[in-house]
Amino acid sequence: RRIAEVSIDLDATDEIMRQYYFEKLESLKTILKEEFLPDAVFAEAYELENGKLISRVYVTKEGANIHNRKDWPEVQEWLADKMDALEKFFLEYR
């Protein structure tokens, strides 16, 4: 794949609980986008490659291959920045 992605995935076996927690995250959308990750995408119904449906809040870096050594410095810096921002958000508002 030619992308890198950082996400919070909601993968509850109970559909109602998944929706409940997604709504909780969505209620903090403005804070997340303004203070932590302006490019965050909120997907209530995100289909994984295996067909499983989850909810996901994520950011994506296009054109980066995590399996190509020449992309590693750029991708590692991006991943560290985005993971740190998402972790700070999560720890503050969990």
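In what follows, a contact means heavy atoms within 4.5 Å. The structure is a predicted model, in which local features need pLDDT of at least 70 and side-chain atom pairs count only at pLDDT 80 or more, while totals for chains, interfaces and linings use all residues. Residues are numbered from 1 along each chain as its sequence is written, and side-chain values use heavy atoms, with hydrogens and water left out.

I begin with the overall layout. The protein has 3 helices and 3 strands; these are DSSP runs numbered from the N terminus, with helices being H or I of at least four residues and strands E of at least two. Along the sequence, the elements follow the pattern β-α-α-β-β-α. Taken along the principal axes, the C-alpha atoms fill a box of roughly 45 × 35 × 15 Å. Of the contacts with a separation of 6 or more, 58% are between residues 24 or more positions apart. Of the 94 residues, 33% count as buried, where buried means under 20% relative accessible area, exposed means over 50%, and partly exposed lies in between, with a 1.4 Å probe and protein chains only.

Next, the interior. In soluble globular proteins, nonpolar side chains tend to be buried together. A nonpolar core is here a set of buried Ala, Val, Leu, Ile, Met, Phe, Trp, Tyr and Cys residues joined through side-chain atoms within 4.5 Å. The largest such core in this model has 20 residues, and those touching the most other members are Leu25, Leu32, Leu37, Ala40, Phe42 and Val57. Two or more residues come from each of strand S1 (3-10), helix H1 (15-26), strand S3 (53-62) and helix H3 (72-93). Which element gives the most to this core? It is H3, with 6 residues.

Consider Phe42 in particular. Setting aside neighbours within four places in sequence, Phe42 is in contact with Phe22, Leu25, Glu26, Lys29, Leu32, Arg56 and Val57.

Beyond its neighbours within four places in sequence, Val59 contacts Ala4, Glu5, Val6, Leu37, Asp39, Ala40, Trp78 and Lys82. Val59 and Leu86 are 27 residues apart in sequence, with a C-alpha to C-alpha distance of 9.6 Å.

Two packed helices are described by the angle between their axes and the distance between the axes. Helix H2, residues 29-36, packs with H3 at an angle of about 140°, with the axes 11 Å apart. Axes here are lines fitted to C-alpha atoms, for helices over the stretch in contact, and angles run from 0 to 180 degrees between N-to-C directions. H2 and H3 are therefore oblique to each other, since angles under 35 degrees count as roughly parallel, over 145 as roughly antiparallel, 65 to 115 as roughly perpendicular and the rest as oblique. Ile31, Leu32, Glu35 and Phe36 of H2 make the contact with Ala85, Leu86, Lys88, Phe89 and Tyr93 of H3. By class, this contact has 7 nonpolar, no polar and 2 charged residues; Ala, Val, Leu, Ile, Met, Phe, Trp, Tyr, Cys and Pro count as nonpolar, Asp, Glu, Lys and Arg as charged, and the others, Gly among them, as polar.

Not counting residues up to four places away in sequence, Arg18 touches Leu10, Ala12, Glu44, Leu53, Ile54 and Ser55.

Asp9, in strand S1, is partly exposed at 37% relative accessibility. With neighbours within four places left aside, Asp9 is in contact with Ile54, Ser55 and Arg56. Asp9 and Tyr58 are 49 residues apart in sequence and 8.3 Å apart in space, C-alpha to C-alpha.

Arg2 lies in the segment before S1 and is partly exposed, with a relative accessible area of 44%. Residues up to four places away aside, Arg2 touches Lys61, Glu62, Gly63, Ala64, Asn65 and Asp71. One of these partners, Ala64, lies in the loop between S3 and H3 and is buried, with a relative accessible area of 2%.
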